[in-house]
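Good morning, and thank you for coming. Please keep the sequence and the structure in view while I speak.

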Amino acid sequence: MSDLTYLTIAQLRDGFRSGEFTAREIAEQYNAAVASARALNAYTVETPEDALAAADAADKARGNGELGALAGVPLGIKDLFATRSVDTTAGSRILKDFRPPYESTVTANLRRAGAGMLGKLNMDEFAMGSSNETSAYGPVISPWRRKDGGNAALAPGGSSGGSSAAVAARIAPAATGTDTGGSIRQPAAFTGICGIKPTYGRCSRWGIVSFASSLDQAGPMAKTVRDCAIMLEAMAGFDPKDSTSLDLPVPAWEAGLSSDLKGKRIGIPKEYRIEGVPGDINALWDKGIEWLRDAGAEPVEISLPHTKYALPTYYIIAPAEASSNLARYDGVRYGLRVVPEGGNLDAMYAATRAAGFGAEVRRRIMIGTYVLSAGFYDAYFTKAQKVRSLIKRDFEQAFEACDLILTPTAPSAAFGLGDKTADPVSMYLNDVFAVPASLAGLPAMSVPGGLDEQGLPLGLHLIGRELDEQVVLNAGLAIEERAGFTAKPQRWW
Amino acid sequence: MSVTNEQVRHIAKLARIAMSDEELERLVPELNNILDWVELLGEVNTDGIEPLTAVVPNTLRLREDKVTDGNCRDDVLANAPVAEHGFFAVPKVIE
């Protein structure tokens, strides 16, 4: 039996269907790979029985000819998704041992498509972070290493750092991620994989632990663009349980894949040429433009004048929404409870939240509480919501001149663990290219384009019109075909 | 705008997060750094601009005022730190 962990979802699906191997063989190989890669700290919980049960169901169904789109494919699930009876902690101490009595809509959709679960994937606490270092379980260590940087442990990106590391290290064929301000795309770029955040509302947020409700959106992280299309089709869909879910049919994205971009105009925003970005990244961006031109598209310069205001806007809106969402962690109904000796209810709330939340989460709750407090609400929150309108309008105007926007995904390659923890603002700057699309609710994807001089992956970032995931995926495919990105991390774990 | 120790203590109280003096000392400059940085938004002219409320146009769906689940008390209480007699139990509220 060959090593099935090298295969894509499409190859696993097709090989399983044609009888080259069984779903049980896939699950067993992945379970063994997961168990042998604990040095990466990618999984917080392993669920090998779950993967095997789904595999056996798929093997049985193959005989009956009724197969879901992901039958036979085991997945890693970010620990932000509620999974029935399986620990769901959002990477936080405050939710330690929480076992939801319900299943998130996205994971229920994936299960209905036949997917099994390999385990829950580590992440930044409540998805707040860009390096996975805020997790109560400790950081995930990227499977990648610098060519000549010794053995420094690198960040896998965040907040979906367990997801990106797992796919890159081949301990999951694909994984769910969530993206609030770049948490799918930046880790995908850091680890040389693909990830797409669909239009806000495509995927139900029901059963996903909330961070910033107007921004949070689930999406797939996988080896290839095609795998992203397959998995997104299975995840997306209208859900009456989420009032922000869009009541629209799910397009057949995989069937619609085509790297022929004739007639498409690709917008290159001049404001994304920012100071201090390594030459490697701008050089890759230029290559990306040439690849899309080669696929038949015409590059055009566009302007997104409010780009530099996107990050500060985000760092008002996201903490504001988080401070409100995280008010539910109070030690009453679930999670941690700390009661100081002789303390009353208020003392219990305060002590529970102090002990349960890590430093970054407390920092953001504090900012959010401040910007929403009487006297500052208009100066900060309302102002940010107005600037958010302008950022969205920038994109609307740009899309009159182009069909798609190409930028780098992140302003650097993966950095070392600990390199940015002392300065929150420098950590926040990591999402400078990813955040504007989040504020505008647009579909956006990262595709690996090449390696920097240290041999670390760099991503290209595609932003599409609202609901136009197909064009994003198609351009991603065009880049993938031309970039020929086949680099893989050398196994050290 | 910058925040003082006293203000940060007040915010911590509003946020229901217990905070030591040490932590407060550390947090004040951090918050001020972040607030300085977001002051950048002051440059943007937002006269006549409506604040964005829905990022993707969507209609608010209302459902019938009907119970759609229920009889799941034990599920709801299953994760409670302390539950007694079918209720969540908390420390004394009224002294």
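This is a predicted model: local features need pLDDT of at least 70, side-chain atom pairs count only at pLDDT 80 or more; totals for chains, interfaces and linings use all residues.

**A buried serine and its surroundings**

Let me begin with one residue, Ser163(A). Leaving aside neighbours within four places in sequence, Ser163(A) is in contact with Lys78(A), Leu121(A), Asn122(A), Ala175(A), Thr176(A), Gly177(A) and Met221(A). Ser163(A) belongs to helix H5 of chain A, which covers residues 161–168. Is Ser163(A) buried or exposed? Ser163(A) counts as buried, because its relative accessibility is 0%.

Among the contacts of Ser163(A) are Ala175(A), Thr176(A) and Gly177(A), and these lead us to strand E4 of chain A, residues 174–179. How many of the six residues of E4(A) are buried? The count is six of six, and the strand is described as mostly covered. In a regular strand the side chains alternate between the two faces of the sheet. In E4(A), one direction is taken by Ala174(A), Thr176(A) and Thr178(A), and the other by Ala175(A), Gly177(A) and Asp179(A); all are buried.

Which strand does E4(A) pair with over six bridges? The partner is E6(A), residues 217–222, and the pairing is antiparallel. Within this pair, Asp179(A) stands opposite Gln217(A) of E6(A).

H1(A) spans residues 9–17, and its buried residues are Ile9(A), Ala10(A), Leu12(A), Arg13(A), Gly15(A) and Phe16(A). For a helix, please recall a general rule: an α-helix has 3.6 residues a turn, so residues three or four places apart point the same way. Just after H1(A) comes Gly19(A), where phi is positive, at about 85°.

**Two further residues**

Not counting residues up to four places away in sequence, Glu233(A) touches Val250(A), Pro251(A), Ala252(A), Trp253(A) and Glu254(A). How far is the C-alpha atom of Glu233(A) from that of Ser92(A)? The two atoms are separated by 30 Å, and the residues lie 141 places apart along the chain.

The next residue is Thr313(A), placed in helix H9 of chain A, residues 310–325. With a relative accessibility of 0%, Thr313(A) counts as buried. Its contacts, with residues up to four places away in sequence not counted, are Ala384(A), Val387(A), Arg388(A), Ile391(A), Leu439(A) and Leu41(B). The name Leu41(B) shows that this list reaches into chain B.

**Chain A as a whole**

Let us now step back. Chain A contains 15 helices and 11 strands. Does its radius of gyration agree or disagree with that of a compact globule? It agrees: a compact globule of 493 residues would have a value near 23 Å, and chain A has 21 Å. Its C-alpha atoms fill a box of roughly 65 × 55 × 50 Å along the principal axes. Of the 493 residues, 66% count as buried. If we take the contacts between residues at least 6 apart in sequence, 77% join residues at least 24 apart. Chain A exposes about 15800 Å², of which carbon and sulfur atoms supply 49%. It carries 50 positive and 56 negative side chains, and the centres of these two sets lie 2 Å apart.

**Chain B as a whole**

What is the order of elements in chain B from the N terminus on? The order is α-α-α-β-β, which comes to three helices and two strands. A compact globule of 95 residues would have a radius of gyration near 12 Å, but the value for chain B is 22 Å. The box filled by its C-alpha atoms is roughly 55 × 45 × 25 Å. In chain B, 32% of the 95 residues count as buried. Among its contacts between residues at least 6 apart in sequence, 31% join residues at least 24 apart. Chain B exposes about 6900 Å², with 51% supplied by carbon and sulfur atoms. Finally, chain B has 9 positive and 18 negative charges, whose mean positions are 10 Å apart.

Methods. Residues are numbered from 1 along each chain as its sequence is written. Chains are lettered from A and ligands numbered from 1 in the order in which they are written. Side-chain values use heavy atoms; hydrogens and water are left out. Helices (H or I, at least four residues) and strands (E, at least two) are DSSP runs, numbered from the N terminus. The radius of gyration is taken over C-alpha atoms; the globule rule is 2.2 Å times the number of residues to the power 0.38. Buried means under 20% relative accessible area, exposed over 50%, partly exposed in between (1.4 Å probe, protein chains only). Contact means heavy atoms within 4.5 Å. Accessible areas come from the Shrake-Rupley method with a 1.4 Å probe; for residues, only the protein chains shown count as cover. Lys and Arg count as positive and Asp and Glu as negative; His and the chain ends are not counted. The place of a charge is taken as NZ of Lys, CZ of Arg, CG of Asp or CD of Glu. Two strands pair if DSSP finds at least two bridges between them.
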